[in-house]
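Here are my notes on the model, written as numbered points. Please read them with the structure open beside you.

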Amino acid sequence: MKRGKIAPHMQRIFSYLKPFKREFLLVGLTMLISVTVGFLQPLVIQSITDNGMLQQNMRVIVRSVLALAGLVIVNQAIDLWQTRIFADVHNKSYYLVFHQVFEKLLHLKKSYFEDKNNTEILSFLQMDVSQVSSITDRYMVMSASYIFRIISGLVGLFVISWKLALVVLAMVPVKFFLVKGMSKRREKAMDEMIESSRDFSRWFGDNLNGVDEIKLWNLFQSREKIFAEKQRELLKLEKKGTMIDGWNSFWEVLLEWSVTIVLYLLGGWLICTGSLTIGAVFAFSSYSGYVTGPVSALINLKMYFARIMPSARRLFQFLDMETEPDAGKKTTDNEPLKLEFRDVAFCYEENRPILQGVNFTVEPGEKVAIIGQNGSGKSTILNILLRFYQPDAGQVLADGIDVNCLSLEDYRSLFSVVSQEPYLFLGNILENTDLTGEATEEQLCAALKDSGVASYITRMPDGEKTQIGRNGAKLSGGEKQKLAVARALLKDASVVILDEATSGFDVESDAYLHDIIVNQMQEKSVIMITHHYNNLEGMDRVYRLEDGVLSEVHEMGEGVNFDEEEK
């Protein structure tokens with residue numbers, strides 16, 4: 001770990017404690033009470049031993065035992081109350097961090113999701129959020145009370161015997177250097193385990209997404225072999241981290257027992273010589289625990305942070321990732337705008353241009369079609385128009401204003417989009433049509449009818465409340481497409497984008513929707529990508545994209561032979 005980066009990460013970790021100042025103040029006050037109670041307990045035990053048992057004074061014994069019972073009850077009541085506070089604080093902290101992560105995910109650039117699957121993303125984010133939010137765990141926050149406990153313990157030790165106190169203090173530097181070495185090994189092991197876990201999650205999610213191919217190609221044995229190899233590697237690293245923790249505990253216990261054994265020897269010698277009473281030795285033993293235990297816990301914070309820091313670095317790197325550019329302040333209404341591509345160039349990889357100097361306009365209410373071979377970049381034009389990608393050169397304008405000057409959320413509200421492979425959410429047909437839950441029944445009925453969804457709802461077991469499964473798995477391709485068209489129509493945006501939107505439609509449904517687009521959306525602008533020749537009828541303009549260059553097709557028969565194009 002680079003030293004220059006430790007402090008900023010630590011500051012960000014501790015920043016998650018700030019919302020809970022009031023709770024920690026209350027815990028701090030109870031800590032003082034708990035420390036005071038803890039300081040009194042050994043003195044009461046000494047009184048029971050020396051003034052009660054050795055003096056055979058039953059009254060002192062009873063009085064002291066009742067006092068001890070009262071102290072124990074008070075201490076346990078405080079402990080229970082603190083447990084409740086810490087549970088609430090930890091849950092709130094976990095929610096705050098995860099909410100921050102979720103909000104970030106929704107605003108990241110499209111490119112972030114192109115080389116990662118959902119299983120990988122969820123797995124490592126859950127791990128990192130859990131580790132970082134553990135800063136509010138009881139162990140971490142209660143470490144502050146250990147300082148007061150150590151002070152009270154030291155006072156008790158030196159009051160009883162400064163010679164024995166020096167023996168107890170001698171273990172502190174030994175423990176420190178022991179943990180320092182162990183923590184470095186633990187952090188390295190945690191880094192390795194995180195990367196291995198991330199690799200496994202990526203591989204596992206990829207196989208879940210491709211389970212149909214695994215079945216079709218009978219890849220069971222080969223995939224199970226890879227699974228076993230990756231699991232062995234992951235479990236090996238987990239064992240390595242566990243063993244480091246185990247060795248740390250081993251040396252810690254050995255060290256503490258070494259101190260205890262020495263204290264028994266010296267304490268016994270002091271009792272035999274009359275320098276200390278038996279009760280004083282018992283009290284000293286208790287105060288020794290007040291020092292050795294908390295000191296070990298404070299030193300072990302280094303081991304604690306060795307487990308947190310790898311996740312913290314990765315989480316903060318994620319939170320610092322660049323989001324979709326949205327510096328625009330200007331807003332628009334839902335009126336049709338003149339859209340324009342001006343000398344737009346774009347490439348996914350260097351020296352592999354997809355678009356080269358693309359120029360075209362879409363006037364308000366105009367119907368425009370873009371044709372071209374698969375992979376020519378037609379969908380890239382739409383992604384740039386929707387600001388999922390930024391052009392490498394040129395501008396996209398709306399009524400002469402660079403679209404980057406417009407509020408991103410406000411700008412995208414202008415568009416209704418139906419892609420070739422629309423995503424459907426878990427839920428029923430109605431929930432996937434009215435995504436905002438704000439449509440009227442009349443609007444819903446019109447969208448379901450015009451899209452063709454109404455024609456198959458009657459065949460569904462629960463009608464519009466029928467659950468459609470993950471990404472519409474319980475629907476046919478055509479039914480999914482019609483549902484996507486329904487929610488686009490329901491949005492009632494001023495610009496409708498159709499990217500092979502009718503690919504799963506039958507001829508009758510395709511013709512019906514085409515009539516709606518051409519004749520009933522006269523006030524809306526329409527941008528259509530299609531391979532269906534008949535869908536070009538009624539278009540105001542047709543553009544052809546070839547070799548990154550967009551050119552207008554002036555005659556319907558010019559270069560629009562799709563049978564040749566698809567060969």
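1. Start with Asn471, which sits in the loop between helix 16 (454-457) and helix 17 (477-491). Helices (H or I, at least four residues) and strands (E, at least two) are DSSP runs, numbered from the N terminus. Asn471 is not a glycine, yet its phi is positive, at about 50°. Most residues other than glycine have a negative phi. With a relative accessible area of 23%, Asn471 is partly exposed. Here buried means under 20% relative accessible area, exposed means over 50%, and partly exposed lies in between (1.4 Å probe, protein chains only).

2. A word on the source: this is a predicted model, in which local features need pLDDT of at least 70 and side-chain atom pairs count only at pLDDT 80 or more, while totals for chains, interfaces and linings use all residues. Residues are numbered from 1 along each chain as its sequence is written, and side-chain values use heavy atoms, with hydrogens and water left out.

3. Now look at Asp399. It lies in the loop between strand 4 (393-398) and strand 5 (401-402). Asp399 counts as partly exposed because its relative accessibility is 45%.

4. How do the axes of helix 6 and helix 7 cross? Helix 6 (residues 162-169) and helix 7 (residues 171-209) have axes that come within 5 Å and cross at roughly 5°. The axes are lines fitted to C-alpha atoms, for helices over the stretch in contact, and angles run from 0 to 180 degrees between N-to-C directions. The two helices are therefore roughly parallel to each other. Angles under 35 degrees count as roughly parallel, over 145 as roughly antiparallel, 65 to 115 as roughly perpendicular and the rest as oblique.

5. Which residues make that contact (heavy atoms within 4.5 Å)? Helix 6 supplies Val167, Val168 and Leu169, and helix 7 supplies Met171, Val172 and Pro173. By class, the contact has six nonpolar, no polar and no charged residues. Ala, Val, Leu, Ile, Met, Phe, Trp, Tyr, Cys and Pro count as nonpolar, Asp, Glu, Lys and Arg as charged, and the others, Gly among them, as polar.

6. Last, check Glu103 in helix 3 (residues 58-107). Glu103 counts as partly exposed, at 43% relative accessibility. Glu103 and Leu319 are 216 residues apart in sequence. In space they are 9.8 Å apart, C-alpha to C-alpha.

Methods: Contact means heavy atoms within 4.5 Å.
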